[in-house]
Amino acid sequence: MASTSRTRTGRGRGRGRGRGGRGGGSSSLPPPPSSTLPLIIEEFFIVIYEDPLIKKALPKKFADYLDGQEPAKVYLRAADCGPRLWTVEVLFDGQGWMYLDKGWENFAIAHGVDFGCYVHFKYEGDDVLTVKVFDGTMCRKYYYSDDEGTDDESDDDVKPCIHPL
């Protein structure tokens with residue numbers, strides 16, 4: 001019976017080729033982040049655990065990212081709802097938290113934000129956040145708009161995006 005402890009010829013013991021193909025110390029992974037690189041927070045999400053229509057806290061890291069550029073308002077754009085921008089006032093509490101306030105309620109109603117939803121934000125610059133809404137089953141809600149793409153200065157007439165079943 002042949003011994004099970006044989007080693008392959010031409011290769012060092014315990015050194016396989018692995019996924020890299022040639023062995024050695026090279027890696028295709030990027031270097032670890034350096035503390036000197038700028039922190040860029042472009043995307044984040046919030047989970048709706050409480051009343052979906054009251055002001056919403058955004059992640060503290062995002063507020064830190066905007067440090068020194070704290071806008072009085074942001075513009076929300078639903079990812080699949082045309083070019084319409086929803087104006088939402090922003091509050092900063094002095095302790096590093098940023099909140100979506102006046103205007104959030106209208107956006108939330110028009111886009112079906114409810115308990116258990118996951119709301120994904122992508123910062124596009126110029127105080128614009130693109131928003132995607134996921135329901136409690138983690139499935140994305142898709143919408144289209146019959147709006148003609150007007151900038152939303154008057155949120156009094158909430159025109160909901162239409163969910164295409």
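Is Phe107 buried or exposed? At 0% relative accessibility, Phe107 is buried, a label for residues under 20% relative accessible area, with exposed meaning over 50% and partly exposed what lies in between (1.4 Å probe, protein chains only). The legends below describe a predicted model, in which local features need pLDDT of at least 70 and side-chain atom pairs count only at pLDDT 80 or more, while totals for chains, interfaces and linings use all residues. Residues are numbered from 1 along each chain as its sequence is written, and side-chain values use heavy atoms, with hydrogens and water left out.

**View 1. Tyr65 and Tyr123 form an edge-to-face pair.** Welcome to the aromatic residues: the structure holds 8 aromatic pairs (rings of Phe, Tyr and Trp, the last by its six-membered ring, with centres within 6.5 Å; planes under 30 degrees apart are stacked, over 60 edge-to-face and the rest tilted). The ring centres of Tyr65 and Tyr123 lie 6.3 Å apart, and because their planes stand at 85 degrees the pair is edge-to-face. This pair joins distant parts of the chain, with Tyr65 in helix α1 (residues 60-65) and Tyr123 in strand β6 (residues 118-125), 58 residues apart. Helices (H or I, at least four residues) and strands (E, at least two) are DSSP runs, numbered from the N terminus. Tyr65 is partly exposed, at 27% relative accessible area, whereas Tyr123 is buried at 14%.

**View 2. Trp86 meets Phe107 edge-to-face.** Here the ring centres are 5.8 Å apart and the planes of Trp86 and Phe107 are at 85 degrees, so this pair is edge-to-face. Trp86 belongs to strand β4 and Phe107 to helix α2 (residues 104-110), 21 residues apart, so to speak a link between distant parts of the chain. Trp86 is buried, with 2% relative accessibility.

**View 3. Two rings carry a charge over them: those of Trp86 and Tyr99.** The charged end of Arg84 sits 3.9 Å from the centre of the Trp86 ring. Lys55 lies over the face of Tyr99, 4.7 Å from the ring centre. Such a contact requires NZ of Lys or CZ of Arg within 6 Å of the ring centre and within 35 degrees of the ring normal.

**View 4. Asp80 sits in a loop.** The loop holding Asp80 runs between β3 (73-78) and β4 (86-92). Asp80 is partly exposed, at 33% relative accessible area. Its C-alpha atom is 8.1 Å from that of Lys132, 52 residues away along the chain.
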